[in-house]
Amino acid sequence: MRGQRGYSLVEILVAFVILTVVITLSLTAFLERNKRLQQANEIILAYQALANESEYWRRKDFSALQPTDKFESELALLAPLKPYTTNVLVQQTPSGTKNVTLLIKWKDGLREAKLTLVRVNTSSEGGLW
Amino acid sequence: MVTAQRQRGYSLMEIVVAMTIFLIFLATLFALTADMRNYEKRLPINFQKHPQLSAVVTRLRRDVMDGLGSNPYRNNDPKNEFTAGEKVLILETLTASGGAQTIVWDFREPGTVRRRAYNGPMASDWWARGLPAGEFTIGAVKTGPRATWATHIQMKDKEGRLAIDQILQPRAVE
């Protein structure tokens, strides 16, 4: 008769704890994986936009490189990241070059992607381009 | 008596408790994934599932950058089999050995992108297959008053969302 008794409270609790740990770990791993996949897809979109914008900033006259919060390229690609903000920072270096940093922020500024170009003054008469 | 006790079914209370626990678990799972699923729907394509897309753009970028001269774009291939348009891009590029070759990028067939290279006869034929449903278009854009025309490749998924939008600029030519 002893062998046919039900489970004790302790046995049930231990089983529940093990089950909870397994479920929690699986769920966490699943959610983390999805989050990272999403972030990777967002980054791919953002860097496409940054690469496009860099083509415009590579060809601007050196003297026309000024900070702004408006990108010149088409940004329809970034629709899934709305609301987002864009920024162009221009930093003059002691060596006479300018660092042009293109910045996109989304998710209330929690996520960002940036691309920096180093521009050299290759003359005012068209220069290299 | 003992046998009868062992073989009885579950009581209503046991069933209700078990189902409640299970429903709580399901509700938690659903709530945790609902936001994620909704957000995923806003994104056009899962690029991790379709690495061929990146391969196409990377290879195309290389061809455009290796474009020959200030205007590497051609209207026709050497055999006059293709005409450049919004689904076909024809480029004259430099080879690693310094020679020239004609590249034809063909985006006409859904789910497939084909790159043919001609060096006299066809030198290579590369396919990207199994691409996600969508439509590629090739356009042109100027990124500056003195810039060479850049190739503008776009791809919209089957729901019309822009998934690829890339400006590919030939190298500067002195």
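Two residues count as in contact here if their C-beta atoms, placed from the backbone, lie within 7 Å. With that in hand, here are the close-ups of this predicted model.

**View 1. Helix α1(A) lies across strands β6 and β7 of chain B.** Look for α1(A) running at about 25° to β7(B). Helix α3 of chain B, residues 51-65, also lies across β6 and β7 of chain B, running at about 15° to β7(B).

**View 2. The open sheet of chain B has 3 strands in the order β5-β6-β7, with antiparallel pairing.** At the edges you will find β5 (134-141) and β7 (162-168), each pairing on one side only. On average, neighbouring strands are turned by 15° against each other, direction ignored.

**View 3. Strands β5(B) and β6(B) run antiparallel and are joined by 8 bridges.** Strand β6 of chain B spans residues 150-157.

**View 4. Helix α1 (residues 9-57) of chain A packs against helix α2 (residues 12-42) of chain B.** Their axes are 11 Å apart, at an angle of about 10°. Angles under 35 degrees count as roughly parallel, so α1(A) and α2(B) are roughly parallel to each other. Their crossing is left-handed. From α1(A), the contact is made by L27(A), L31(A), N34(A) and Q38(A), and from α2(B) by L29(B), L32(B), M36(B), Y39(B) and E40(B). Sorted by class, this contact has 6 nonpolar, 2 polar and 1 charged residues.

**View 5. The contact between the chains takes 25 residues from chain A and 25 residues from chain B.** On the side of chain A that touches chain B, there are 13 nonpolar, 8 polar and 4 charged residues.

Conventions. Residues are numbered from 1 along each chain as its sequence is written. Chains are lettered from A and ligands numbered from 1 in the order in which they are written. This is a predicted model: local features need pLDDT of at least 70, side-chain atom pairs count only at pLDDT 80 or more; totals for chains, interfaces and linings use all residues. Axes are lines fitted to C-alpha atoms, for helices over the stretch in contact, and angles run from 0 to 180 degrees between N-to-C directions. Helices (H or I, at least four residues) and strands (E, at least two) are DSSP runs, numbered from the N terminus. Angles under 35 degrees count as roughly parallel, over 145 as roughly antiparallel, 65 to 115 as roughly perpendicular and the rest as oblique. A crossing is left-handed if the near helix is turned anticlockwise from the far one by less than a right angle, and right-handed if clockwise. Ala, Val, Leu, Ile, Met, Phe, Trp, Tyr, Cys and Pro count as nonpolar, Asp, Glu, Lys and Arg as charged, and the others, Gly among them, as polar. Two strands pair if DSSP finds at least two bridges between them.
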